[in-house]
Amino acid sequence: MLANVFGRYSDYAILVLRFFTGGVFVAHGALKLFGGLRVFELFMMQHGVPFARVMASLVAGIEFLGGVALILGFGTRMAALLLSCVMVVAMITVTLRMGFAGGYDLNLALLGGLLALLLAGPGKVAHGGDL
């Protein structure tokens with residue numbers, strides 16, 4: 001019964017996934033880039049991340065620009081790959097030791113969405129090409 005109602009919109013499933021996943025990354029990247037980069041750098045230093053200044057800028061840029069790329073459907077697979085790397089490193093260096101709830105739960109959910117986008121690509125409703 002639900003397939004009869006929603007089945008005709010299946011071409012939009014990847015679009016919805018891109019918008020929501022990309023939106024989370026744009027928001028997190030913007031918070032870091034536009035006002036919190038020094039705080040993020042200090043956070044990375046506390047967790048023993050080497051080259052914290054460079055890594056903070058790199059991660060913030062990947063999150064923000066990768067999120068924009070996902071939303072636009074441009075370079076979806078490359079953005080998903082880079083963002084997946086960020087999520088895996090974040091889990092290994094910080095959130096795994098915090099446990100599931102309030103720790104790596106969000107990283108894991110985002111990683112699932114990113115892996116789906118990596119496998120599926122941008123979908124039929126995309127503004128740009130796929131790299």
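In the predicted model, R53 is exposed, with a relative accessible area of 55%. The side chain of R53 forms a salt bridge with E41, their closest N and O atoms lying 3.5 Å apart. Because R53 belongs to helix α4 and E41 to helix α3, this pair ties together parts that are 12 residues apart in sequence. In contrast to the exposed R53, E41 is buried, at 8% relative accessible area. Salt bridges with shared partners join R38, E41 and R53 into one network.

In total, 4 salt bridges are found in the whole structure. One of them pairs K124 with D11, with 3.7 Å between the closest N and O atoms. K124 is located in the segment after α6 and D11 in the loop between α1 (2-6) and α2, so the contact ties together parts 113 residues apart in sequence. K124 is exposed, at 67% relative accessible area, whereas D11 is partly exposed, at 38%.

A further salt bridge joins the side chains of K32 and E63, with an N to O distance of 2.7 Å. This pair links distant parts of the chain, K32 in helix α2 and E63 in helix α4, which are 31 residues apart. Both residues are buried. K32 and E63 are also among the residues nearest the centre of the largest pocket, together with F40, M87 and A90.

The volume of the largest pocket is about 650 Å³, and its lining comprises 30 residues. Of these, 22 are nonpolar, 6 polar and 2 charged. Helices α2 (13-33), α3 (37-46), α4 (52-72), α5 (76-95) and α6 (100-120) each supply at least two lining residues, and α5 gives the most, with 9.

How values were computed
Residues numbered from 1 in each chain as written. Predicted model: local features only at pLDDT ≥ 70, side-chain atom pairs only at ≥ 80, totals over all residues. Heavy atoms only, no water. 1 Å grid on protein atoms, 1.4 Å probe; cavity = no way out; pocket = protein on both sides within 12 Å on 5 of 7 lines; lining within 4 Å. Points joined across faces, edges and corners; volume = space filled by probe spheres on them. Helix = DSSP H or I, 4+ residues; strand = E, 2+ residues; numbered from the N terminus. Nonpolar A, V, L, I, M, F, W, Y, C, P; charged D, E, K, R; others polar. Buried < 20%, exposed > 50% of the residue type's maximum accessible area, 1.4 Å probe, protein only.
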